[in-house]
Amino acid sequence: MKNTFYITTPIYYPSNKLTLGNSYTTILADCLARFFRMQGKDVFYLTGTDEHGQKIEKVAASENKTEMEYLNEIVADAKKLWQMLDISYDKFIRTTDEYHVKTVQKIFKKLYDLGEIYKSTYRGLYCTPCESFWTEEQLIDGKCPDCGRPVEPMEEEAYFFRLSKYQDKILDLYTKNPNFLRPTSRVNEMVNNFIKPGLKDLCVSRTSVKWGIPVDFDPKHTIYVWIDALPNYLTALGYLQSDDSNFKKFWPCDVHIVGKEIVRFHAIIWPAILMALNLPLPKQIYGHGWLLFGEGKLSKSKAVDKKEVIDPRVLVSRYGLDSVRLFLIKEIVFGQDGPYNQELFLNSYNTNLANEYGNLISRSCGIAQKYLGGILNPAGELEQTDLDFKAEILSKRKTVFEQMEDINPTGALNTIFEMFSKCNKYIDETAPWALFKQNNLTRINSVLTTLSEAIIITNTLLLPFLTDKPKTIYANWGLSEPIRLDDYANFGFLKTNTIVTKGENLYARLDVKKELEELTILASRA
Ligand code: MSP
């Protein structure tokens, strides 16, 4: 079995403070990275920022800052957010990093030397005040989508990448490798909307954009967007650099996690660039859906209108990190769009964290204290109910691994919660309070040992998903926190005279109505 795993998120545009929408991709990729790491794989998780382009030039100027002053502040803020969300990235790439700039220039030159990039003329619709080219489809009511002013046809000298040459090769790739692009619905979208109508060569340089990587052999041109942004997945590993050991170790990428609006770039342009460079292709592009507000993509402007809190910083400081990670991973089916609003968020917290999970932990430890004075001893013969329960926990544990292997974190987290729900049912079925009345302490010990071990086995699977409270519960049984998923893989690890303590109450139940009022006030201050 191959023991490395390379996973990436898109690099973020630092044109604004990152919101819950951006956090979505990063948290989902993080839980996959953590899971495979705890499985014993050598994981490389890459994220970063996409720092070139006219927009950055303009925002920085409007704030009277140089581009780098502006970017450094935003990047510091992004890193702080990733720390708050417990994002376990192995590398943070900035496209202004010198090694990236130099390598992109080498890649551009290599493609040019191979005849994959050529010089020609770019024709587009130009907005003079914004200094931007637009295509017909991008215009709003025939005007510039940024400032609403008229545009005029213009030409400039530019370099082009021979994307059209790869039309059949990309189709062939999808046919021969049905797992290349997932979920599979995205394949039809690519084929019908973009490939069948015909791929055109791609303009990959600009003379009108200054804030970008210059083409080193023709410096009035800057490298435009995709040949700068996409190769970050290679440059971060040391490709074409003196130390390319990570490139040798981790390329090809196992999975690029991207939002659905940028699947086109990752599933068409990116493999074409790699084919042109004669490099192996990533094994999978996973195009996830959007967090929605009503019909549309969740965005800051819409959220402020509707008085919804979409700043993950506010949600984390008020409800804890687990609530945000849980909502994004469990309630939004990975691969599909899903709605976000405060009520759904608060109800998800109460149902899953306060009731199902938190209550199970305090209930189980409470029972051990109440009926056994907090001292647990594996004892006695197991009954059929116990054996069935154990078999079910172990079989669902296996399912979680299969689901994660299949890049299905939502399914896996649902299975984990089904396991907790089985634990709660097992308490009801075995009724330790009734056994206590019968003074059957041996049976209480057997039941509580089975239950405690089932909780710990399940909880260990939960650690890559919810990174805050779940790691603290091992101490309730005097156990150490696991490093590997296999550390608590099977029943039979609790020792005689295990002292059970109750620990803190993990998640206080929320008064949804009161919280909705509080959040509305917080949102209007955003
Ligand atoms: N810079 C490009 C990516 C270049 S990759 C070589 C970019 N950046 S972005 O900041 O606009 O988006 C980064 C990620 O955030 C994307 O995966 C995007 O889908 C995700 N999201 C932003 N808002 C979102 C939602 N409302 N819902 C889910 N994810 C969304 O694109």
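This note goes through the predicted model point by point, from the whole chain to single residues.

1. Some ground rules come first. The model is predicted, so local features are taken only at pLDDT of at least 70 and side-chain atom pairs only at pLDDT 80 or more, while totals for chains, interfaces and linings use all residues. Residues are numbered from 1 along each chain as its sequence is written, and side-chain values use heavy atoms, with hydrogens and water left out.

2. The protein chain as a whole. The protein chain has 19 helices and 18 strands, where helices (H or I, at least four residues) and strands (E, at least two) are DSSP runs numbered from the N terminus. Its C-alpha atoms fill a box of roughly 90 × 55 × 40 Å along the principal axes. Of the 526 residues, 55% are buried, a word that stands for under 20% relative accessible area, with exposed meaning over 50% and partly exposed in between (1.4 Å probe, protein chains only). Contact means heavy atoms within 4.5 Å, and among contacts between residues at least 6 apart in sequence, 78% join residues at least 24 apart.

3. The ligand is surrounded by 24 residues, and the closest are Ile11, Asp50, Gly259, Glu261 and Leu291; a residue counts here if one of its heavy atoms lies within 4 Å of the ligand. These shell residues divide into 13 nonpolar, eight polar and three charged, with Ala, Val, Leu, Ile, Met, Phe, Trp, Tyr, Cys and Pro taken as nonpolar, Asp, Glu, Lys and Arg as charged, and the others, Gly among them, as polar.

4. A backbone N or O atom of Ile11 lies 2.8 Å from a nitrogen atom of the ligand, whereas a backbone N or O atom of Tyr13 lies 3.1 Å from an oxygen atom of the ligand. A polar backbone atom of Gly259 is 2.9 Å from an oxygen atom of the ligand. The protein covers 94% of the 670 Å² of accessible area that the ligand has on its own, as calculated by the Shrake-Rupley method with a 1.4 Å probe. Strand 1 (4-12), helix 1 (20-38), helix 8 (232-235) and strand 12 (255-259) each give two or more residues to the shell, and the largest share, four residues, comes from helix 1.

5. Cysteines. How many disulfides does the model contain? With a disulfide taken as a pair of cysteine sulfur atoms within 2.5 Å, the count is zero. Cys144 is in no disulfide, the nearest cysteine sulfur being that of Cys127, 3.7 Å away. The sulfur of Cys423 is 12 Å from the closest cysteine sulfur, in Cys365, and is therefore too far away for a bond; Cys423 is buried, with a relative accessible area of 0%.

6. Most residues other than glycine have a negative phi, and most peptide bonds are trans. In this model, a cis peptide bond joins Arg182 and Pro183, with omega about -10°, and the peptide bond from Trp251 to Pro252 is also cis, with omega near 5°. Leu240, which is not a glycine, has a positive phi of about 60° and lies in the loop between helix 8 and helix 9. Asn278 has a positive phi near 60°, and at 67% relative accessibility this residue counts as exposed.

Key:
A polar contact is a pair of N or O atoms within 3.5 Å; within protein, one must be able to donate a hydrogen and the other to accept it, and residues adjacent in sequence count only if both atoms are side-chain atoms.
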